[in-house]
Structure formats: C-alpha cells, structure tokens
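Dear colleague,

Please find below the structure that I am handing over to you. My findings follow it.

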Amino acid sequence: MPNARDWIPMRWPCGPLDAARAQAVGSARAVYDAWLKPESLAILEHTPVNAIVITWAAGAADDAAQQRALQPLITAARARGIDVIGRISTGTPPPGLNGILCDKPGQAPAGTPVVLARAADALTTTEDAAIVLLTDCLWPRIPVEWRGGTGDAAERRAANAAAGPTGAPWVDANGWRLSLARAKAPAAVCWSGAEPPEDAPPPRWEAYALAVADAAIAGGRWLIRLDAGLRAALAARQPSALELWKSFASALRRIEQLRQAGERIEARLGVLSHFTGEGAYMAGETLNLAARRHLPVRPLVRDRLAPDALRDLKAVLWADQRDSDGTLPPVLHEFIARGGLAIVPPALASRFQAKDKIPGGAFEDRYDLYRVTAGRVALARKPWMDPFLLITDAHLMLGRKHDVIRLWNAGSMNVQYTRAGSSGRVQLVNFAARG
C-alpha cells in the first residue's frame, strides 16, 4: 500500500448516498450504481492513481446503506493495491479505511491518516493532518463567457477571454493557494479541491491535465474529479471517453515522473502576513497577482516566521495593514540590518524610530524611502486599497535586476523556478491548454 504522502487521489462518487445527495434518478442514478461495482476500478489500470476517495458518512438516513454497498468496492480496491479514503461529515468511521477526509482531525481513529478539508485562509498553523485539501480552489482555466447555443462545437465554445488589470488574459490559478498552505502547514501534503464546472462545455483531456499541473507547480496534487458527463460516458465504455481518459492518464503519469522531493520555490520577494482575518484578502490577492506578473514570491506566515524563511530574499512586503503584535519580528530587523528592503504600511511608522532612519527620497507619491542600518524601508503614505498596485510597486522597488526569471508574450502562463539540492528547474503551465 502507498504511503499517505504518496497518494495520487481520485474522487469516486458512487452508491446510494452520493446518488441521493445529487438527486440522481433514472439513467443518472445508474451511473452511481455503475461506479459502485468492483469492475469499475479497471479504468485505474496503467495509471498512477493509487487512492480513491469515497463518501462514507454524511449523517443521513442513507449512511448505513452506503456503507454496506461499499464493501465489495473496498475489497476489490485493496486487492488492486489501491487505498480507500472515506469522506465523513459526522460520526467515527471504522478503522478499516486507509484514510479519513474530514473537517475535524479528531474524527479519525488513532493512527489513521487524515485529509483535512479547509479553505486556504481558514487553515491555521496548528493543524495536525497528513494532508490538507483546499476547498476554495478554482477550476484552473482562462475564464470565458460561454454563450451556449445549438451550433457546432466551435460556435458553442465561442467566448471572450476575461482580461485582468494588465490587459492580458486572466487566469484562474491555484498555485498561490497551495504555496500558502504549504507555508502554514509545512509538514502536510497539499491537495487542490478544484472541481470541473458542470454548466460549461465538457472539459477536454488537456483541461484535466491542467488541473494536475496547476497543483504540481506549487508542489501539490489535484484530487481528481471527473465531470458528470465523463463519468457517465466511462461507465458506458464509450470509445471517445476511454480515449480521453487514456490521454489524461498519460499526462498524469508524466507530471508525476517529473516530481522532485524537497523542492523549494526560488524567490527574492517575501509576503509577510497572518493570512487570516481582515488581512487575508489583501495578502492572498497579493500572492495571486504576483503570479500574474510572473514574480515568484514566498509566503511568510507570521506565526511560523523563522530566520531560514527569509533566506535569499531581497525584499519583504508586510501585507497586513496593522501591527497586531506591537513589535516587529526580530528576524525582520535582522533582515533589514543585512541590507534587505522592507515594504511596510503606514501603521508601522512608529516601529522605526526617527533616529534610526535616514530619509532617502520617495517612490512615486506613495512611499517614503529610508535608510535603516544597512537596509532600506519603504513606508507607505496611505493604507493599501489595491493589491494589483501594491504588488506592482513592490516589484518595481525590488528592481528587475532581482527577477528570478523573465518571460515575454506569456500572458496565459504561470511560472515557477524551484531548487532541490544543487539542481533547479523551471516549470511553465500554459492555461490556454495548447502549444
């Protein structure tokens, strides 16, 4: 059986409980019954998938029937070397499952690996789970306006790409969420919980592969979820659906083969915040928009701030609008003393005594610049309102000479440069899902 950290998971909707929750009747109900059969696991042959996530208990009247119906599937999965993770919303499951997906760690029997379902901004630094499933992930894509209609495929997919503040196509990406989760819970493996949209044209295999790559670029994994149409087509063994699944499985295998243990994101800018409460939006959106500028950043969680976290950084952006602790972390003082740049909000003005700072001009009309020991401080004149302007200013004050990597004409891409030991690699994810 695989180690929990090595799970390559797939959501497996099946049985009376899932069917009832989906209000499935007739042919739709038959799909849930088909995926409940042990022979449905045959599609996992020659794929890297080694764990399935089933619904075990939801506190509903169908719980007992669901658990009885699942037994043949669980037995068949074990025979194939596939781990079974039970999704529970209430109660305590039996110890026979290989893992538990839940909202509270205490719901699992002692010694059972826990997959903790959390939104990125709700995740705390004290959670104890082998795996964190991020429930607020978006389906990775360039958002489009689908006009529907009854024409051919090209007409039905006619769309206008949404444009961001830069004018380049906007992308819904989750790498920043997984990077933040890894910073909050460094001992846990992070999964993306992105789900394919059911109100749009059926995804191609490239779209599913993109969901895998979107998580992998930040060192995470995607909890594989198929749309209802594809599940039905696979249950019916339709050739086109089997070919799509084969292409996706091949892409999944290649991405898994590229995975390296112990990778660290190379960055020169750190974003420092509690990443919770009233400051969560500004800090999180700053991480998101940094990715759109192809600017690698390192999330720095104030509850877990250690000297090593600032290694190789040239600038630190204090993204919280206030100093709730009353003091600057000592490691930030040391960072400035070593020549680093701190970009801080007006609320932190009193943390730098007048005798310690030497005026050094201004940046635009938004920051006063000071020399503090060997380093610099950029003190904002007004509270931040626009995270796009904030990360743009931070990038310009950091200086393009500290860019880790530069791309041209790559508005639809996200990029990450990671290192493991003495080797490094560049990962490019194209959200246009084409060459």
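The largest nonpolar core has 100 residues, of which Met-10, Trp-12, Leu-44, Ile-52 and Trp-222 touch the most other members. Such a core is a set of buried Ala, Val, Leu, Ile, Met, Phe, Trp, Tyr and Cys residues joined through side-chain atoms within 4.5 Å; buried means under 20% relative accessible area (1.4 Å probe, protein chains only). Helix H6 (residues 205-216) supplies the largest share of this core, eight residues. A second, separate core of 21 residues includes Ile-336, Leu-348, Val-372 and Val-377.

This is a predicted model, in which local features need pLDDT of at least 70 and side-chain atom pairs count only at pLDDT 80 or more, while totals for chains, interfaces and linings use all residues. Residues are numbered from 1 along each chain as its sequence is written, and side-chain values use heavy atoms, leaving out hydrogens and water.

The mean pLDDT (the predictor's confidence in each residue, from 0 to 100) is 87, and 90% of the residues reach 70 or more. Over residues 146-164 the pLDDT is below 50.

Strands E15 (residues 367-372) and E16 (residues 375-380) pair in the antiparallel sense over six bridges; pairing requires at least two bridges found by DSSP.

Yours sincerely

Methods
Helices (H or I, at least four residues) and strands (E, at least two) are DSSP runs, numbered from the N terminus. Buried means under 20% relative accessible area, exposed over 50%, partly exposed in between (1.4 Å probe, protein chains only). Contact means heavy atoms within 4.5 Å.
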